[in-house]
Amino acid sequence: MTLRRRLVLSTVALVVAVSAVIGAGSIIALFSIQRSAIDQQLQYATSRAQKSLQNQGPNGPSLEIGRPSGQAAGTLTVYFLNGNAAVGSVLDNAGDVDRISSAAARPLGEVTVDGAAHTVDLGSELGRYRVTAAPVGPAVLVVGLPMAPVYESVWKLLGVVLVVTAVALLAASAVAAAAVRRSLRPLDRVAETASAVARMPLERSETLDGVRVPDTDPRTEVGRVGTAFNRMLGHIAGAMQARERSEQKVRQFVADASHELRTPLASVRGYAELTRRMGADLPPDVVYAMSRIESESVRMTSMVEDLLLLARLDEGREVQFADVDLTGLVLDAVNDAHAASPDHVIALDVPSEPVVVPGDAARLHQVVVNLVTNARTHTPEGTRITVGIHRVADGVDLTVRDDGQGIDPEFLPKLFERFARADSSRSRSAGSTGLGLAIVDAVVQAHGGRVAVASVPGDTVFTVHLPATRPAVATADGSAKAVPTA
Ligand SMILES: Nc1ncnc2c1ncn2[C@@H]1O[C@H](COP(=O)(O)OP(=O)(O)O)[C@@H](O)[C@H]1O
Ligand SMILES: [Mg+2]
């Protein structure tokens with residue numbers, strides 16, 4: 001049950017309870033006040049009846065004892081002699097005395113003769129009466145007044161109480177619903193903001209900019225929640241900024257370090273090469289050592305270049321968009337691969353007319369080269385490699401397929417991570433760095449595309465999807481902005 005419904009229902013229940021208590025109290029009070037008034041009247045009626053009894057002639061009491069002056073309509077007067085109702089009458093509205101049957105008077109014979117008021121039910125005709133029985137010589141005189149007016153006013157009051165309660169209920173539920181809705185509206189806003197934040201991809205601290213709860217009045221409960229929530233968002237944004245700063249520092253460091261390593265590496269390579277050229281005068285051991293130094297420095301140079309490129313791609317730089325002829329790019333890469341691996345069968349599956357995509361030619365060339373080189377270097381000789389280009393709905397798919405031994409399924413999820421290699425000494429010695437696919441992934445992402453792999457023994461396919469339009473770039477204020485194709 002929602003908090004809103006519970007609050008409204010409690011208010012309504014409270015109104016019902018209060019109305020019931022007040023209504024019941026009023027009815028009981030009215031009843032007892034009216035009954036004491038009747039009892040008072042009854043005393044006067046009794047003394048009037050006794051006086052008129054004394055005035056009766058020697059023939060004993062007649063119906064006239066029920067009609068002394070001042071007696072109210074409905075007054076009951078019964079004269080009992082030896083336990084039998086000798087004379088009994090009721091005064092009607094016209095002031096006449098109507099005799100009552102001895103059967104109707106029978107319950108009156110059982111009233112305690114003590115002069116106090118008692119309530120007696122005299123059947124359907126007369127209804128309930130308030131009566132007193134008093135001894136008069138050997139006889140008993142019973143005088144009564146009808147309770148009907150008391151019950152009538154009690155019923156009327158009950159009706160009024162019910163109507164008033166119903167109206168109060170309607171009013172209370174309407175007012176409670178409106179008040180609860182009004183006071184819970186800020187809470188709704190807090191909940192909306194919280195779920196908006198929960199849906200956000202919290203990758204950049206800027207996404208949290210301007211996301212705040214407007215209700216922050218510290219005098220209200222919701223305001224305190226809102227304040228705490230805003231403060232929490234501030235902390236999260238701060239933590240994210242700190243993380244971004246440290247990531248930025250690491251990237252900067254890697255970029256600087258790679259950059260700084262290029263020059264000494266070039267010297268090492270240059271001197272090794274120089275020494276190899278003068279090899280004739282050197283002992284074979286030294287020649288071998290120098291050639292190892294040269295090949296390892298080549299490997300290290302390419303690793304440093306890869307690291308530098310990755311660091312720059314991470315910073316969002318290093319991609320310059322222009323129209324790129326993907327077909328020409330693939331043709332070049334395949335020709336190079338033919339020359340490098342004459343023992344592999346390399347086929348092409350491209351449309352006859354050139355396929356042009358928006359992108360950075362040098363980086364896309366690197367993607368194709370990395371994938372084709374992998375298909376050459378990580379498969380045995382004689383493997384068939386097919387490089388294909390296919391137009392799809394929203395762009396172009398570039399595929400590099402080979403029928404080599406495939407990639408270990410356990411290794412597949414880590415394939416695009418940095419320095420990830422299916423660890424074998426062969427691939428290490430073949431100049432493997434484990435950065436090739438990480439670069440492919442970073443370049444493709446910078447183009448707004450995605451790369452996927454599917455591999456079973458005998459069939460490994462890398463699919464690079466490139467969109468037909470330039471990706472939206474993040475502007476300085478963190479909002480995304482679409483850029484028209486150049
Ligand atoms: N076509 C392929 N067939 C089999 N294994 C592959 C293929 N492409 C990539 N791999 C595996 O993925 C690993 C990572 O590749 P990559 O990131 O290019 O690094 P590197 O080529 O420098 O080892 C490789 O070491 C290799 O084990
Ligand atoms: Mg590679």
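How many residues surround ligand 1, and which are the closest?

## The shell around ligand 1

In this predicted model, where local features need pLDDT of at least 70, side-chain atom pairs count only at pLDDT 80 or more and totals for chains, interfaces and linings use all residues, side-chain values use heavy atoms, with hydrogens and water left out. Residues are numbered from 1 along each chain as its sequence is written, while chains are lettered from A and ligands numbered from 1 in the order in which they are written.

Ligand 1 is surrounded by 18 residues (each with a heavy atom within 4 Å of it), and the closest are Asn374, Ser432, Thr433, Gly434 and Leu437. At least two residues of this shell come from each of α8 (361-377) and α10 (436-446), helices being DSSP runs of H or I with at least four residues, numbered from the N terminus.

## Polar contacts and burial

An oxygen atom of ligand 1 lies 2.8 Å from a polar side-chain atom of Asn374, an oxygen atom of the ligand is 2.8 Å from a side-chain N or O atom of His378, and a backbone N or O atom of Gly434 lies 2.7 Å from an oxygen atom of ligand 1. Taken alone, ligand 1 exposes 530 Å², of which the protein buries 94%, with accessible areas coming from the Shrake-Rupley method with a 1.4 Å probe.

Conventions:
Polar contact = N/O pair within 3.5 Å; in protein donor to acceptor, adjacent residues only side chain to side chain.
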